[in-house]
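Reader: I would like to learn how to read a structure like this one. Could you walk me through it, feature by feature?

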Amino acid sequence: MTSLPTYKADFLRAAISGGVLKFGSFELKSKRISPYFFNAGDFYRADLLESIATAYAKTIAEAHRSGALPDFDVIFGPAYKGIPLATAATIRLGQLDAAAYGAKCYSFDRKEAKDHGEGGNIVGAPLTGKRVLIVDDVITAGTAKREAIAKIEKEGGVVAGIVVALDRMEKLPSPNGDDSKPMPSAIGELRKEYGLPILAILTLDDIIEGMRGLASDDDIRRTEEYRTKYKASD
């Protein structure tokens, strides 16, 4: 019986039943063979989009209430996957608590600056002088988040934190290719570099705890073995 909070358990169930979280054998960009694969781009169905919007909203609201996340004005979704995630999360937050979040805004970046019409790199709420919360799917190497932080700061905003759907809790590849060497995670490196709160709806620990009854014993065993082999040192 899982002891995950209801919103996490509901999100995990929706991700597995909707085929967003798959189990099998998947080659990652790092060339590691992972027994699971999560693709937030597959939350394109209305009911699945509602489930991830709710999970983001509850993660943000709970962290904000507990003090783990500071106040923010704008939810920012890095192009492209972050755009629908940030938009949906903003709507759901306002629905959950209109008094606290009904006036929150959303914004996203263009991959290429527009040189006509309203122009610029940012669509949605202006970022100047605003506290900005980044919402995205995962953090793999951290490169895309560093780019998002630089864009927000260039527009005069201050990054308040980052919320992702999944923390793989996985160590970065060793520079010499020795995967037995202890290494930090990309999330851990970003936390250290920027001093920002970085939160996730689900961690790999949550997946393993909650997948019993939703996945085969073999999938559970292989995922546990992968965690043991590649778990980050931070």
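Reader: What counts as a pocket, and which residues lie nearest the centre of the largest pocket?

Author: On a 1 Å grid over the protein atoms alone, a pocket is an open set of points with protein on both sides within 12 Å along at least five of seven lines, whereas a cavity is a set where a 1.4 Å probe fits but cannot get out; lining residues have an atom within 4 Å of a point. Here 38 residues line the largest pocket, and Lys29, Val138, Ile139, Thr140 and Ala141 lie nearest its centre. Two or more lining residues come from each of strand 2 (33–38), strand 4 (105–114), strand 6 (131–138), helix 5 (143–154), strand 7 (158–167) and helix 6 (186–194). Helix 5 gives the most, with six residues. Helices (H or I, at least four residues) and strands (E, at least two) are DSSP runs, numbered from the N terminus.

Reader: Where is Thr140 placed, and is Thr140 buried or exposed?

Author: Buried means under 20% relative accessible area, exposed over 50%, and partly exposed in between (1.4 Å probe, protein chains only). Thr140 sits in the loop between strand 6 and helix 5, and counts as exposed because its relative accessibility is 56%.

Reader: How much confidence does the chain have?

Author: The predictor's confidence in each residue is the pLDDT, from 0 to 100. Where pLDDT is low, the predicted coordinates should not be read in detail. The chain averages a pLDDT of 93, and 96% of the residues score at least 70. Confidence is lowest in strand 4, at a mean of 84, and highest in strand 3 (residues 74–77), at 98.

Reader: Which residues of helix 5 are buried?

Author: An α-helix has 3.6 residues a turn, so residues three or four places apart point the same way. In helix 5, the buried residues are Lys145, Ala148, Ile149 and Ile152. Seen down the axis, they fall within an arc of 100°, so they line one face of the helix. The arc is that of the directions from the helix axis to the C-beta atoms. Helix 5 has twelve residues and reaches 17 Å from its first C-alpha to its last, close to the 16 Å expected at 1.5 Å a residue. That expected span is 1.5 Å times one less than the number of residues.

Reader: Which backbone angles should I look at? Where is the cis peptide bond?

Author: Most residues other than glycine have a negative phi, and most peptide bonds are trans. A cis peptide bond joins Ala79 and Tyr80, with omega about 5°. Tyr80 is in the loop between strand 3 and helix 3 (82–96). As for phi, Lys31 has a positive value near 80°. Lys31 lies in the loop between strand 1 (21–27) and strand 2, and counts as exposed at 61% relative accessibility. Met169 also has a positive phi, near 55°. Met169 is in the loop between strand 7 and helix 6, and is buried, with a relative accessible area of 19%.

How values were computed. Residues numbered from 1 in each chain as written. Predicted model: local features only at pLDDT ≥ 70, side-chain atom pairs only at ≥ 80, totals over all residues. Heavy atoms only, no water.
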